[in-house]
Amino acid sequence: MENSDVFGSSSAPLTWHDFLERMRHPSAADFVKAIKSFIVSFLNNAPDAERDSKAVQEFLGNMEAAFRAHPLWAGSTEEELESASEGMEKYVMTKLFARVFASIPEDVKADEQLNEKMALIQQFVRPENLDIKPTYQNETSWLLAQKELQKINMYKAPRDKLVCILNCCKVINNLLLNVSLASNEDHPGADEFLPVLIYVTVKANPPQLHSNLAYIQRFRLQTRLAGEAAYFFTNMLSVESFITNINAKSLSMDDLEFEKNMESAQALLSGLCESSDNFYGQTNQNFDLATKAESEDHAATHPHPHGESSETKSDMSEELYGKNDAALDKVPSIADPENKGAALLLKEEEAKQIFVDFPYLYSEAGDLMVGDIDDLLNNYRQLVIKYVCLARGLGVAIQYPSLLSTQVRKFEQSESEAPKDSEIRKEAYPKNGMQRDSGFNLENTKSQKQEEEAAEQD
């Protein structure tokens, strides 16, 4: 695989704020008017994938040509002009995201089918099923690759989403290269790379994978989707096709074994929901019984002033709390509602939105600002309170941080042995080490979500 710049010819230290500042200059008024006019006109049309893609590509191409002829960019280098083009794509697509992403019924249906298939296959697929050599099997690196791919729904700009795919592919590619060098084997090619990417994707099961790939394909400026970026993206399209059409032969299984595994996986996922439903029914039942018993004890020790009989009080308790006399037969486990939640998330179309609303979930230390500390502390306090209340309500022991310190140290130790995210970026962008902030170097002053909010407010 060639080690060219993953974004084709673009190698500029791209600056998002510089783009916004130039667009606020009085001489850029015509640009601003044209952009807003395009966005309003676009939003007034019903979704149509082919027409939408053509309109965006044409507009971005025209704007790129206009930048080159405008006094604001007079004397600019080629890299600076490409930076302006990247900024334009990010701004426009952030504004249009809600209208064009997963907005077509065919895309939504493909997402659901792909998500369901991966949820089933990941229950039984093994590296051997994809003919992955034992020497190439490295769970630590694979988990890191999965983590990169799962970030794809945290971003709105096509370039940002593409970077998630590229970082995932880079982890895998580096693993294969290191193994081949250590064992003096031939340089790994697509036959070695693609099966690992399929396995990692199935295990990651990123939501709305089809829509993400279609979004990049339609709205990433075509002149930028070249070189290594195009190579890795094409491989991801092949992964989608493979999973969509997966069968027994694809996994080196006979038909009977494949069908049996699929049925078992379906039963397992269904069983999680059923057992969790039963758990909640039992929990509510136990709560009713406990409340009823407490009420009767209170009646025995505190007679009603009007001489109300215990029988009458019992009837009232039954009316209020139900007539179920089943006994408490087990202490509930906190894992039961957790399993139920995991199973339900698999079936939710908008599951990714749940995580998007947690602002620091995918943040790194460099993304945080001093003002974020108060928010983090408040969120932490709320989390602790909810956790303690849940634990008390379920009757399970509370696990304090001190009990987790050993596990945390072990996790940190294992993480230190894996390549860091910053190292991945530098390898993904060998010429200049561009960051995943859609290529706009913010010098670690703002998070990606803050950037997108700023774009939406402009």
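Patches are made of residues with over 30% relative accessible area and no salt bridge, like charges being joined within 9 Å and nonpolar side chains (Val, Leu, Ile, Met, Phe, Trp, Tyr) within 5 Å. In the present predicted model, one such nonpolar patch on the surface is formed by Val370, Ile373 and Leu377, with about 300 Å² of accessible area together; accessible areas come from the Shrake-Rupley method with a 1.4 Å probe, and for residues only the protein chains shown count as cover. Leucine 377 lies in helix H15 (residues 372-394) and, at 40% relative accessibility, counts as partly exposed. Here buried denotes under 20% relative accessible area, exposed over 50%, and partly exposed the range in between (1.4 Å probe, protein chains only).

As the model is predicted, local features need pLDDT of at least 70 and side-chain atom pairs count only at pLDDT 80 or more, whereas totals for chains, interfaces and linings use all residues. Residues are numbered from 1 along each chain as its sequence is written, and side-chain values use heavy atoms, with hydrogens and water left out.

The chain contains 18 helices and zero strands; helices (H or I, at least four residues) and strands (E, at least two) are DSSP runs, numbered from the N terminus. Of its 458 residues, 41% count as buried. The accessible surface of the chain comes to about 24500 Å², and 54% of this area belongs to carbon and sulfur atoms. Among contacts (heavy atoms within 4.5 Å) between residues at least 6 apart in sequence, 81% join residues at least 24 apart.

A nonpolar core is a set of buried Ala, Val, Leu, Ile, Met, Phe, Trp, Tyr and Cys residues joined through side-chain atoms within 4.5 Å. The largest one has 54 residues, and those with the most contacts inside it are Ile121, Phe124, Ile165, Ile172, Leu197 and Leu251. At least two residues of this core are supplied by each of several helices, including H5 (105-121), H8 (190-204) and H11 (255-301). Helix H7 gives the most to this core, with eleven residues. Apart from this core lies another, of 31 residues, among them Leu20, Ala28, Phe31 and Tyr215. Leucine 251 touches Ile121, Phe124, Val125, Asn129, Leu130, Ile246 and Phe258, not counting residues up to four places away in sequence.

The structure holds 14 salt bridges, each defined as a side-chain nitrogen of Lys or Arg within 4 Å of a carboxyl oxygen of Asp or Glu. Arginine 22 and aspartate 18 form one of these (3.4 Å, N to O); the two are separated by about one helical turn because they are four residues apart in helix H1 (residues 16-23). A salt bridge likewise joins the side chains of arginine 68 and glutamate 64 (3.9 Å, N to O). Arginine 68 counts as partly exposed at 40% relative accessibility, while glutamate 64, at 14%, counts as buried. In a further salt bridge, the closest N and O atoms of arginine 224 and glutamate 86 are 3.4 Å apart. This pair links distant parts of the chain, 138 residues apart: arginine 224 is in the loop between H9 and H10, and glutamate 86 is in helix H4 (residues 78-100). Both arginine 224 and glutamate 86 are buried. A network of salt bridges links Glu64, Arg68, Glu78, Glu86, Glu89, Arg159, Arg220 and Arg224.
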